[in-house]
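Good morning, everyone. Please have the sequence and the model open while I talk. I'll go through it piece by piece.

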Amino acid sequence: MRILPDNSAFSYMGRIDFSQPEKPLFIYAGSMVEIRFKSKKAGFYITNEKLGNYCSVGAVLDGVQYKFPIETDDDEIYIEISDSIENNWHSDQNNGWHSLTVFKRQGAANYIRFGGIEIDDDGLVEPCQKDYNINIEVFGDSVSAGEITEAIYNEAITDNPGHTNGIHDNSWFSYPLILSRMLNARVNNNSQGGIALLDKTGFFNGPEWENLIGVETTYDKLSYVKYSKEGLTPWDFSRFTPDIIIMAIGQNDPNPFPEKTESPEHIKMWKDKYKEIILDLRKRYGKPVKVLMILTVLMHDERWDRYLDEIQQEMQDDNIRHFMFTRCGKATPGHPRATEQAEMASELAAVIRQWCF
């Protein structure tokens with residue numbers, strides 16, 4: 001029996017395109033759907049829209065995580081999550097009920113259309129009962145999106161070519177999703193590898209510098225990948241109102257012309273745009289949402305931390321803060337792995353508990 005995505009038992013998280021209710025489009029890394037079911041077997045349907053060289057989808061069944069590489073493009077496929085779960089210990093402990101989460105592991109490597117799940121004809125479904133403690137929105141780059149988090153035992157070293165082909169990307173181990181599980185938070189993670197604040201800077205949508213797209217273009221978008229079939233589409237801000245926004249931007253911003261970022265005029269323009277985005281987000285949400293400005297433990301020029309200090313001082317708002325991790329900019333020359341992501345999530349959880357709870 002196929003349970004279609006518009007069934008009320010499904011619970012979604014992330015900026016997801018529901019213009020086709022029976023095939024919602026997962027766009028950002030970490031977008032997910034959850035459901036509880038009672039059945040001896042289960043699987044799910046997806047259609048991949050390939051944008052990069054390597055694509056995979058993630059699933060979590062009863063707390064066990066699975067990874068499924070995707071070879072197809074534009075064809076619906078069925079993925080069996082378990083041939084038989086009748087004797088699963090979870091069934092014995094929960095009267096035969098199971099929990100399933102399907103999530104998007106990567107950023108702009110692909111978009112994924114979710115086609116629902118398959119269970120036994122006499123199976124049952126019900127919502128995952130969750131009363132979230134807090135809503136969090138994240139704007140970040142590859143670190144926030146969870147790139148290369150699975151290169152375990154490669155902590156604190158530079159990424160090598162074997163790390164950068166997407167195989168090791170996993171948004172489940174990004175600090176925003178770890179934070180979600182720590183705080184029981186609903187998180188919209190609007191992060192993309194290579195992105196900077198300003199257009200024509202960073203790495204995203206390159207390599208030609210004239211084509212580079214920054215957060216100033218993507219922060220109000222649902223589909224944010226210009227070269228996707230959907231192109232750029234607007235986000236309906238009424239669908240999600242955060243209690244706190246995490247702004248994790250500044251790592252990629254010196255590229256492609258680092259000498260320009262030495263200019264006081266350029267830095268003023270950067271800070272003005274940063275503040276403009278914060279104010280616009282608050283206007284759209286209709287309230288002074290808290291904003292936590294950060295840079296990560298990935299090594300970077302410390303002057304960008306100073307710029308965040310200056311923004312905090314210039315905005316003179318107690319609900320806008322710059323937070324620095326214990327090892328901010330000093331922990332690793334490569335992307336933070338899952339262990340280092342968990343370190344950041346732990347420090348953020350402590351700050352948010354103190355500030356928001």
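Let's begin with glutamate 22, in the loop between β3 (16–17) and β4 (25–26). Helices here (H or I, at least four residues) and strands (E, at least two) are DSSP runs, numbered from the N terminus. A word on the source. This is a predicted model, so local features need pLDDT of at least 70 and side-chain atom pairs count only at pLDDT 80 or more, while totals for chains, interfaces and linings use all residues. Residues are numbered from 1 along each chain as its sequence is written, and side-chain values use heavy atoms, with hydrogens and water left out.

Buried means under 20% relative accessible area, exposed over 50%, and partly exposed in between, using a 1.4 Å probe and protein chains only. What does glutamate 22 touch, leaving aside neighbours within four places in sequence? Leu4, Pro5, Asp6, Phe114 and Gly115. Contact means heavy atoms within 4.5 Å. Take phenylalanine 114. It sits 92 residues from glutamate 22 in sequence, yet the C-alpha atoms are 8.1 Å apart.

Next, strand β10, residues 97–104. Of its 8 residues, 7 are buried. Strand β5 (residues 32–38) runs antiparallel to β10, joined by 7 bridges. Two strands pair if DSSP finds at least two bridges between them. Phenylalanine 37 has histidine 98 in β10 as its bridge partner. Strand β7 (residues 56–61) is also antiparallel to β10, with 5 bridges. There, leucine 61 partners leucine 100.

Now the parallel sheet. It is open, with 5 strands in the order β14-β13-β15-β16-β17. β14 (185–191) and β17 (320–322) are at the edges; each has a single partner strand, so one side of each has no neighbour in the sheet. On average, neighbouring strands are turned by 15° against each other, direction ignored. Axes are lines fitted to C-alpha atoms, for helices over the stretch in contact, and angles run from 0 to 180 degrees between N-to-C directions. Look inside the sheet. β13 (residues 134–140) and β15 (residues 244–248) pair in the parallel sense over 5 bridges. Phenylalanine 139 stands opposite methionine 247 in β15.

Helix α6 (residues 303–315) packs on this sheet, touching β16 (290–293) and β17. Its direction makes about 155° with that of β17. Which residues of α6 are buried? Arg303, Trp304, Asp305, Tyr307, Leu308, Ile311 and Met315. Their cover includes α5 (264–285), β16 and β17. After α6 comes glutamine 316, with a positive phi near 50°.

How do α5 and α6 pack? Their axes are 11 Å apart, at an angle of about 55°. The two helices are therefore oblique. For the cut-offs: under 35 degrees is roughly parallel, over 145 roughly antiparallel, 65 to 115 roughly perpendicular, and the rest oblique. On the α5 side, the contact residues include Ile267, Trp270 and Tyr274. On the α6 side, they include Trp304, Tyr307 and Ile311.

Last stop: serine 142, in helix α2 (residues 142–145). Serine 142 has a relative accessible area of 7%, so it is buried. Beyond its neighbours within four places in sequence, serine 142 contacts Glu147, Gln192, Gly193, Gly194 and His335.
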